[in-house]
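Hi,

Here is the structure I promised to pass on. Have a look at it first, and my notes follow below.

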Amino acid sequence: MPVPDPPAAVPRLGAAHPDLLAMIATAARGDVPLVLLHVDIDHFASVNQNMGMDVGDAALEAVGARLQDRLQGRGQVWRHGSDEFIAAVPLPAGGDAADAQAIAETLIAEIERPLEVLPYTLFLEAKIGISLCPQHGDDASRLLHLAETAVRRASHAVDDPVQLHTFDVQDRAHSESAIARQIVDALPNGEFRLRYQPKISARDGRVIGMEALVRWQSPVLGLLLPERFLPTAERIGVILQIGDWMLERVIAQVRAWREQGFDDFFVGINVTTQQLLQTDFVDRLLGRMQQAGLPMTAIVLELNERVLTHNSTDIVYRTVSALRHEGIAVTLDNFGTGDASLSALVRYPADILKIDRSFISAAPAGNRETAIVRALIAMGHQLGMKVIANGVETEAQLGFLRRADCDYFQGYLFGEPMTAEAASQALRQRYLRPELFTATQSDRTLLLVDDEQNVLRSLVRLFRRDGYRILAAGNVRDAFGLLATNDVQVILSDQRMSEMDGTEFLGRVKMLYPDTIRLVLSGYTDLATVTDAINRGAIYRFLTKPWDDNKLREHIRQAFRTYDSQRGRDVPID
């Protein structure tokens, strides 16, 4: 069998690399936008200091190859500096800052996968700064500088490893002035675009809907996301014209799709408070839908949470009630980020609750955001609503949300905002990423967590003989990912780990996955900590190192018996 060629080394980026200059020139002409990503590996100097330069060089070569493979030919990657990389990726037609953010997050996920550089297994982390061409400029030096500045800002951000270049106060004021001057003519000049992002059933991955999203392709300012121009549009009074244009275009598109045979889905469209305050809004919307021959279920109106706290809430309430009376469903968008109280949510009529992406991005780690997501899903169901999670981008997030009984998903894991033609293809496929919804093996799954790789390998070898399905994690982050995507019954965790101790980790697991049987294995005994963890129910049993193989195997067998008895199953006879 021929030996495969080793991956080609990632080249270094010179001051004026011809490939980069050519990509920037193409983007500057307006053909395709370009995202420039400055990737900085966190604390990499410690690898060179503690493990040697040879290990560090091999690790950087492997990271570069991973990044290049992850882009799958869509862009290029270069080495830059001692432990940094530059990636240039052309965006799809209509691509925007959200697409750039998604690319950056996939690259970070690739870097964070365990990396074996024998005899070590490295767990790396990274920060990424982003600049866009032509939105931020068309000069290579300037774009590289802006991306580098953004990554330096990311190094100081606790919870956000990806930072997009933003205008300073003076530039932003100038930009807002430019938006105000040009947006008045944007609609008659045909500069707005609609994109559609799929909504997915949690049961089987079926496309059950789309969300219509507006983009502004300004000939001067480039492609702008709605958060950049809609506040200005509201301030100067052109938001009603934009909203009316969106409704007209979406209704026409839904009619076209239904004529093609796609009649079992809905399209969500954002409406503003100003639209809902119009006295004839309901009649005009119903008239348009009836003229197009659409059933009322074909359109779902998405309302930002801010409408619940508007001064004219009573008028908006009556408008929304009238719409729902006619059969038009309502989604409360970006829920959890505004100032709306729970009493307003109880009073307000809505059919779907959309959880903001800022909460979803934190899942499935065992933190407060994750607990809030579970609580919001349960609350929505108690109020008779369906719940949709916005910003689903990883399989771990998907697994966690499915186990939390979320109803619908929306996010880059299933599709970016796309043109109507691409959305037609998604509707034709009917199911997106069906492999993510296949049943996974759930009987007798054991999760082992230890940040010492030799100990972890020994435990895997020990329990493999007993026929368990074994999952192994070298850190807490990977453990939460495995818990989100697998039905785990028993967990055996080390007590002393770098990120958090085992009892704290298992305490968070108890909150998220209370049915699991949780055991700690440690060479250190802190009786107060152990007693407290057992009293709180965080752990089922505390075991000590070094262990006796037969006794440890028996403890795990008993843990599975306990799980079976708690679930009312027949306990297997060993």
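In which loop is R430 found? R430 sits in the loop between α16 (420-429) and β17 (445-449). I picked it out because its phi is positive, about 75°, although R430 is not a glycine, and it is partly exposed, with a relative accessible area of 35%.

Before you go further, bear in mind that this is a predicted model. The mean pLDDT of the chain is 84, and 87% of its residues reach 70 or more. Over residues 1-7, though, the pLDDT is below 50, and that stretch has 1 contact in the model beyond near neighbours in sequence. Where pLDDT is low, the predicted coordinates should not be read in detail.

Back to the backbone. Most residues other than glycine have a negative phi, and most peptide bonds are trans. Q72 lies in the loop between α3 (53-71) and β2 and is exposed, with a relative accessible area of 68%. As for cis peptide bonds, there is one from C133 to P134, with omega near 10°; P134 belongs to the loop between β6 and α5. The bond from K545 to P546 is cis too, with omega near -10°, and P546 is in the loop between β21 (541-544) and α21 (549-566).

Next, helix α1 (residues 18-28). Its residues L20, M23, I24 and A27 are buried. They cover an arc of only 100° around the axis, so they are on the same side of α1. An α-helix has 3.6 residues a turn, so residues three or four places apart point the same way. What do the buried residues of α1 pack against? Their partners are β1 (34-41), β2 (76-80), β3 (84-90), β6 (126-133) and α5 (140-154). After α1 comes G30, with a positive phi near 90°.

Further along, Q253 is in helix α8 (residues 239-259). Q253 is buried, at 18% relative accessible area. Leaving aside neighbours within four places in sequence, Q253 is in contact with Y196 and A420.

Cheers

Terms used. Residues are numbered from 1 along each chain as its sequence is written. This is a predicted model: local features need pLDDT of at least 70, side-chain atom pairs count only at pLDDT 80 or more; totals for chains, interfaces and linings use all residues. Side-chain values use heavy atoms; hydrogens and water are left out. Buried means under 20% relative accessible area, exposed over 50%, partly exposed in between (1.4 Å probe, protein chains only). Helices (H or I, at least four residues) and strands (E, at least two) are DSSP runs, numbered from the N terminus. The arc is that of the directions from the helix axis to the C-beta atoms. Contact means heavy atoms within 4.5 Å. pLDDT is the predictor's confidence in each residue, from 0 to 100.
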